[in-house]
Amino acid sequence: MVIMDSDLAPRVVRPTQRILTGQVVRLREGYPREVRIGQPVLVAVVTAASVMGLLVLLVRTLISSGGGGGARRKWKELKQGPEFLVTPLRVRDATGLLYEVELHGHLPQSALHPGDHVQLTLRPQDADLPPKVERIVNLTTAQPLRPRTATVWSHLGPPLLLQAALGLLLLAGVGACSVLTG
């Protein structure tokens, strides 16, 4: 049974169940969306990285007069967050209802086509957004798929996170020494 609007077009509904099985009707044009980065997380990482950065700068200054070093990203750039691709996906179930969900991230181009039978594992988002696809099993090709998106940690990057971890270890070491000798 298809629910009809007043203009006799099928109405798209949002699924409430965790697993949705149906046929891909349409992959709409994707658009970018930004990952939100929490201020406390960013402040903690940048502060810890700055401690280690100051130590490295001091050592460089003592060893040589040449500056150099990698380009640092600005606060505004770090705070902005990474973008990821959002692709609205419409799926029709066995009863004929048309559902809209969001696919976050990238999949191989040949992984999903209109007409493919799929089983989607969904996770709710904000009240005004359709559910997000966590996992796809393309039943037509028997291929399990998991879209990948950028995360806060991939945005900050391994060098900054390593520097922050070393900075935390340095602070912990200094703190432990001051407690033991004080």
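Predicted model: local features only at pLDDT ≥ 70, side-chain atom pairs only at ≥ 80, totals over all residues.

Visitor: How many salt bridges does the count come to?
Guide: The count comes to 5. One of them pairs Arg18 with Glu134, with the closest N and O atoms 3.0 Å apart. Arg18 sits in the loop between strand 1 and strand 2, and Glu134 in strand 7, so the pair ties together parts 116 residues apart in sequence.

Visitor: Which residues are joined with Glu134 into one network?
Guide: Arg18 and Arg123, through salt bridges that share partners. The Glu134 to Arg123 bridge is 3.3 Å, N to O. Arg123 lies in strand 6.

Visitor: Is Arg123 buried or partly exposed?
Guide: Partly exposed, with a relative accessible area of 37%. Arg18 is partly exposed at 46%, and Glu134 is partly exposed at 21%.

Visitor: And Arg33 and Glu102, buried or exposed?
Guide: Both are buried. Their side chains meet in a salt bridge of 3.0 Å, N to O. Arg33 is in strand 3 and Glu102 in strand 5, so this pair links parts 69 residues apart in sequence.

Visitor: Switching topic. Which residues touch the most other members in the largest nonpolar core?
Guide: Leu89, Val118, Leu120, Val133 and Ile136, out of 17 residues. Apart from that core lies another of 13 residues, with Val45 among them.

Visitor: Where is Val45, and what is it in contact with beyond its sequence neighbours?
Guide: Val45 is in helix 1. Leaving aside neighbours within four places in sequence, its contacts include Trp153, Leu160 and Ala164. Val45 counts as buried because its relative accessibility is 11%, under the 20% cut-off.

Methods
Residues numbered from 1 in each chain as written. Heavy atoms only, no water. Helix = DSSP H or I, 4+ residues; strand = E, 2+ residues; numbered from the N terminus. Buried < 20%, exposed > 50% of the residue type's maximum accessible area, 1.4 Å probe, protein only. Contact = heavy atoms within 4.5 Å. Core = buried A, V, L, I, M, F, W, Y, C linked by side-chain atoms within 4.5 Å. Salt bridge = Lys/Arg side-chain N within 4 Å of Asp/Glu carboxyl O.
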